[in-house]
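Please examine the model below.

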Amino acid sequence: MNGHPHLVVVEGEGVGRVFALAKPITTIGRDPASDVVLPHATVSWRHANLTTEGDRVVVKDLGSRNGTFVGVERIARRELAAGDLIAVGDRVTLKLAFARADERTPAPAVAGRAASAPLVANAAALIVRLRKERSATHDPDSSLMLMFVGMTAVPAPAPPVEELMHPLALACREVLDAGDLLARAAERQLILLLRSTATRALLAGGRIRAAAAEHIRAAAAAGPPAIVVLPVPAHAAVGAEALLLVAARRAAEAMRDTPDAIRTVSLHESLH
């Protein structure tokens with residue numbers, strides 16, 4: 001990968017902070033002696049560590065109460081690739097990035113991002129909310145939707161990822177109602193959890209694409225985002241983590257098939 005590994009805070013508190021993985025083992029936790037200190041109640045005292053050996057970086061959960069996530073998957077141990085997103089607790093998203101020897105640090109965001117960044121949750125917070133919403137929703141008129149919004153058509157040379165994701169998050173925030181959640185679990189993808197019907201979610205997707213045209217294309221000449229809407233089955237006999245994993249896989253397939261479209265995809269067959 002030709003560079004020195006770093007963790008970059010791309011969402012949540014402390015956007016723009018960079019932690020060099022300069023030691024063989026980098027620790028993450030609430031403990032002030034940790035290399036990456038995250039002083040939040042949902043982070044364990046000794047939560048996770050990263051082992052670095054050349055270009056190889058492995059993250060390991062240390063038996064934390066709330067888990068460590070890579071993308072939308074809760075992991076015990078995982079080798080990381082550049083651009084992987086790590087959720088530790090429910091407040092911060094960390095991205096693995098590599099900087100060349102002639103670079104000081106990766107450039108995580110556009111200037112002023114920390115002050116203007118929209119509130120974007122991480123995968124851990126999304127799973128907690130999905131679990132609560134599924135257990136609390138018994139009204140047949142109150143449906144739950146997962147909407148995956150991804151940047152698939154990126155110009156060459158591509159701008160820094162965060163220059164695309166920040167305005168895309170702003171576009172997504174414009175369609176959210178009270179109680180909805182916007183989260184990030186992949187480098188170029190956002191996930192919305194909506195209390196909505198499929199029809200309203202598709203209309204919201206159209207609004208996101210229109211807003212993205214304004215926020216993104218003028219700045220980066222990127223194409224419109226691909227959008228996949230997945231109604232959450234009311235009586236699926238799987239937990240929130242498994243459901244989100246299946247939904248992410250189905251969304252990825254749909255985005256590959258039709259990268260320039262808004263689609264609705266059913267989860268029923270995939271969950272049986």
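Q: Which strands stand at the edges of the open sheet, and why are they called edge strands?
A: The sheet has six strands in the order β2-β1-β11-β10-β7-β8, with antiparallel pairing. β2 (18–20) and β8 (73–75) each have a single partner strand, so one side of each lacks a neighbour in the sheet. From one strand to the next, the twist averages 30°.

Q: Why is the contact between E11 and R184 called a salt bridge?
A: The cut-off is 4 Å between a side-chain nitrogen of Lys or Arg and a carboxyl oxygen of Asp or Glu. For the side chains of E11 and R184 the N to O distance is 2.9 Å, so the pair qualifies under the 4 Å limit. The two residues belong to distant parts of the chain: E11 is in strand β1 (residues 4–12) and R184 is in strand β14, 173 residues apart.

Q: How do you know whether E11 and R184 are buried or exposed?
A: Buried means under 20% relative accessible area. E11 has a value of 1% and is therefore buried. R184 also counts as buried, because its relative accessibility is 1%.

Q: What makes E187 and K95 a salt bridge, and which parts of the chain does the pair link?
A: E187 lies in the loop between β14 and β15, while K95 is in strand β11 (residues 92–99), 92 residues apart. E187 counts as partly exposed because its relative accessibility is 25%, whereas K95, at 9%, counts as buried. E11, K95, E162, R184 and E187 are linked in a network of salt bridges.

Q: Why is D177 said to form a salt bridge with R200, and what does the pair tie together?
A: The closest N and O atoms of D177 and R200 are 3.2 Å apart, so the pair falls within the 4 Å limit. D177 lies in the loop between α3 (161–173) and β14, and R200 in helix α4 (residues 198–220), so parts 23 residues apart in sequence are tied together. D177, with a relative accessible area of 42%, is partly exposed, and R200 counts as partly exposed at 45%. By the rule applied here, the count comes to 13 salt bridges.

Q: Which residues have the most contacts inside the largest nonpolar core?
A: This core has 35 residues, and those with the most contacts inside it are L146, F148, L230, L243 and L244. Helix α5 gives the largest share, nine residues. A second, separate core of 24 residues includes V120, M165, L168 and V175.

Q: Where is confidence lowest, and why does that call for caution?
A: The lowest mean is 48, in helix α1 (residues 113–116), and the highest is 98, in strand β9 (residues 77–80). Over residues 109–115, pLDDT stays under 50. Where pLDDT is low, predicted coordinates should not be read in detail. The protein chain averages a pLDDT of 86, and 85% of the residues score at least 70.

Definitions and conventions: Residues numbered from 1 in each chain as written. Predicted model: local features only at pLDDT ≥ 70, side-chain atom pairs only at ≥ 80, totals over all residues. Heavy atoms only, no water. Core = buried A, V, L, I, M, F, W, Y, C linked by side-chain atoms within 4.5 Å. Buried < 20%, exposed > 50% of the residue type's maximum accessible area, 1.4 Å probe, protein only. Helix = DSSP H or I, 4+ residues; strand = E, 2+ residues; numbered from the N terminus. pLDDT = per-residue confidence, 0-100. Contact = heavy atoms within 4.5 Å. Pairing = 2+ DSSP bridges. Axes fitted to C-alpha atoms, helices over the stretch in contact; angles between N-to-C directions.
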